[in-house]
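Q: Hi! Could you walk me through this one?

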Amino acid sequence: MGSKTPDLAQLMPFVLRTWMYASGVMFSIPAMLQGKDVPGWLADVLQWNPAAIYMDLVRFALIDDYGSSYLPPHVWAFAVGWAVLAGVVGFVYFWKAEERYGRG
């Protein structure tokens, strides 16, 4: 998409940086939301974020003290859902775009 729209290529670093900061890279989302008056939909969006889902799973796999009690109950279902969605969307996108790339 960035090759077709140069302005989008300039915008992507800012979008990805904002996504990183909203995904709980530097903090735990449930810990930051605890005791705060945050709308329910905003808390759901932050916790259903694919980057936040996979970071929770990586913390669970690599940190000994990060047990399953720290994982939200939806984490495995959403991880599988995001993986299937990314696989299907990626497959369809590149399948339809194969005429535009790889040809000199």
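Q: How do the axes of helix 4 and helix 5 cross?
A: This is a predicted model, where local features need pLDDT of at least 70, side-chain atom pairs count only at pLDDT 80 or more, and totals for chains, interfaces and linings use all residues. Residues are numbered from 1 along each chain as its sequence is written, and side-chain values use heavy atoms, leaving out hydrogens and water. The axes of helix 4 (residues 50-62) and helix 5 come within 10 Å and cross at roughly 125 degrees. Axes are lines fitted to C-alpha atoms, for helices over the stretch in contact, with angles from 0 to 180 degrees between N-to-C directions. Helices are DSSP runs (H or I, at least four residues), numbered from the N terminus.

Q: And which residues meet there?
A: From helix 4, Pro-50, Ile-53, Tyr-54, Asp-56 and Leu-57 meet Val-75, Trp-76, Phe-78, Ala-79, Trp-82 and Ala-83 of helix 5; contact means heavy atoms within 4.5 Å.

Q: Switching topic, which residues does UniProt annotate as "transmembrane region"?
A: The unreviewed entry puts that annotation on residues 12-33 and 75-95. Such annotations may be inferred rather than shown by experiment, and positions follow the numbering used here, with feature names shortened.

Q: How much helix is in residues 75-95?
A: That span is 100% helix and 0% strand, with end C-alpha atoms 30 Å apart. Residues 12-33 are 73% helix and 0% strand, their end C-alpha atoms lying 27 Å apart. A strand is an E run of at least two residues.

Q: Where is confidence lowest?
A: In helix 2 (residues 29-33), at a mean pLDDT of 79, while helix 5 (residues 75-96) is highest at 94. pLDDT is the predictor's per-residue confidence, from 0 to 100.
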